[in-house]
Amino acid sequence: MNILPRPRGLQILKMLSKVRQNYSEAYQELHQTYGDMVGIDLPFKAILIFKPEHIRHILKDNARNYHKSNLYDTLSPILGKGLVTSEGALWKKQRRIVAPEFHIKSIQSYLDGMTSRTLILAKEWEKLASTSPTGSYHDISTAMMGLTFKIVGDTLFGSDLGDEAIEVKDALYTVLHLATERMMSIVKFPRSWPTPSNLKTRQASEKLQGVVRTIIAKRIESQMKDGQPMKMDVLTRLLTAHQSEDSDQMSDQQLIDEINTIILAGHETTSQTLSWTWYLLARNPEVEKKLQAELQTVLQGRVPSMEDISKLHYTKMVLKEAMRLYPPIPVISRTPIQDDQLDGIHIPAGIVVSLCPYVVHRDPKLWNNPEVFDPERFSPANEKAIKDYSYFPFSAGPRSCIGEHFAMTESILILAILSSQFRLTLRPGAEVKIKSSITLSPLGGLPMTIEKREQVKVRHFEMKPRDPTLSLESQSFV
């Protein structure tokens, strides 16, 4: 560690302030100043890794030696030992249980639920576009969070989260905010201490667990009342494991941990990807024009089918490029369980090793004009030239995100439906900054106008009747 380039003396204090304000941009500065492997001592001792070959070694070639770092313990109040934080045999068992629901065949069965929820939001936006006074702006990031949250409830749990949406979202983001603060703190008080942060975290966690227990109880009650086999989804698979008497049996707490994990991971990162995509499209009208040309050519006014989604190549390129500039998880941390070496540098067991998609995705040695939003980077021809492990928004290797295909299908569908009908414009003079958190979100929201496109009619989809109270809210900016 001592031979690694790093900030020293007063530089440490200056960098600590920058890390606490926005660690993604602070890590980018460290990379530019010190190179592809950097040591840091505050707020925790770690090695920052920016070289694709090293990233491949950690995430794939020697993945067995690298477990999730103790930084993920900050999420334990809501994720416990769920799929994101668990290791070893427990992780393998949990992944095996839920994996079938993220297969392409299962995702296809979720398409109607995704579409129905998106069209509910489209109806609300249509009203906002026609009734909002000139100069009225709406927080699009809040709308995306609400949409993806309810889609997760509908598709993966067969449960309408409309009534609990605000309560659960508030609790989730309270814990995420406090987890980020704890991660960046030099002094970490024990969880059992009644500090204001610990008490808020405990209260939010108890609220989440209460909602999850309600979801479970409703599903079991429905099964007993109808006497019919439960609909096959993630919740069914988890309940089956919970009720089994073999080696896959899941405890009550493990069941709650997994549901909390999938609710959070299943909507948070997708909502951030969509939010940044709207932001980038608003700032790059030439890209938005190409996107519209593809949507009109492929869809011709209809809601996308699974076959249509496979043909929306440029739409997918737009989303991939948005995730390059704004990867939903800006830093991925691992810890070696045994000593290792990278280019002759000793990596001691137990040290935090942080891989930084946000920085690597913007490295001028790996990307031409990296700060430019250019979806053509991901055209079939150009994508082949992208260096291995210089792009990893869903992580990579054995611990890559199990929901990658679910998230991409959902994102393409939502962007296609909403962008076909609406044009979103950023508030003039709005300075959108990155919020320093576990996920990459716009600080203070994303103030945008919603304008209805001319002569756009959605065809070939019959919505099922729904409770009108479940429409999504869009927070207005003054």
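This is a predicted model: local features need pLDDT of at least 70, side-chain atom pairs count only at pLDDT 80 or more; totals for chains, interfaces and linings use all residues.
## Thr-155 and its contacts

Neighbours within four places in sequence aside, Thr-155 is in contact with Tyr-110, Gly-113, Met-114, Asp-233 and Phe-406. Contact means heavy atoms within 4.5 Å. Thr-155 belongs to helix H8, residues 140-156. Helices (H or I, at least four residues) and strands (E, at least two) are DSSP runs, numbered from the N terminus. Thr-155 is buried, at a relative accessible area of 2%. Buried means under 20% relative accessible area, exposed over 50%, and partly exposed in between (1.4 Å probe, protein chains only).

Which backbone oxygen lies 2.6 Å from a polar atom of the Thr-155 side chain? The oxygen belongs to Ile-151. Ser-109 and Thr-155 are 46 residues apart in sequence, yet their C-alpha atoms are 8.6 Å apart in space.

Residues are numbered from 1 along each chain as its sequence is written, and side-chain values use heavy atoms, with hydrogens and water left out.

The average pLDDT of the protein chain is 86, and 90% of the residues score at least 70. pLDDT is the predictor's confidence in each residue, from 0 to 100. Confidence is highest in helix H15 (residues 313-325), with a mean of 98. It is lowest in strand E13 (residues 476-477), with a mean of 38. Over residues 463-478 the pLDDT is below 50. Beyond near neighbours in sequence, this stretch has 46 contacts in the model.

## An open sheet

Five strands, in the order E1-E2-E8-E5-E3, form an open sheet with mixed pairing. Two strands pair if DSSP finds at least two bridges between them. Strand E1 (37-40) and strand E3 (66-68) are the edges, and each pairs on one side only. On average, neighbouring strands of this sheet are turned by 35° against each other, direction ignored. Axes are lines fitted to C-alpha atoms, for helices over the stretch in contact, and angles run from 0 to 180 degrees between N-to-C directions.

Two helices lie across strands of the sheet. Helix H2 (residues 23-34) lies across E1 and E2, at about 120° to E1. Helix H3 (residues 52-61) lies across E1, E2, E3, E5 (332-336) and E8, at about 120° to E8.

## Strand E2 and its partners

In which sense does E2 pair with E1, parallel or antiparallel? E1 and E2 are antiparallel, with 4 bridges. Met-37 has Ile-49 in E2 as its bridge partner. E2 (residues 46-49) also pairs with E8 (residues 352-355), here in the parallel sense over 4 bridges. Ala-46 stands opposite Val-352 in E8, and Ile-49 stands opposite Leu-355.

In a regular strand the side chains alternate between the two faces of the sheet. In E2, Ala-46 and Leu-48 point one way, Ile-47 and Ile-49 the other way, and all are buried.

The largest nonpolar core has 138 residues. Such a core is a set of buried Ala, Val, Leu, Ile, Met, Phe, Trp, Tyr and Cys residues joined through side-chain atoms within 4.5 Å. Tyr-27, Trp-125 and Met-144 touch the most other members. Helix H12 (residues 252-283) gives the most to this core, with 12 residues.

Thr-270 is also found in helix H12. Thr-270 counts as buried, at 3% relative accessibility. Leaving aside neighbours within four places in sequence, its contacts are Thr-148, Ala-407, Glu-410 and Ser-411.

Definitions and conventions:
A polar contact is a pair of N or O atoms within 3.5 Å; within protein, one must be able to donate a hydrogen and the other to accept it, and residues adjacent in sequence count only if both atoms are side-chain atoms.
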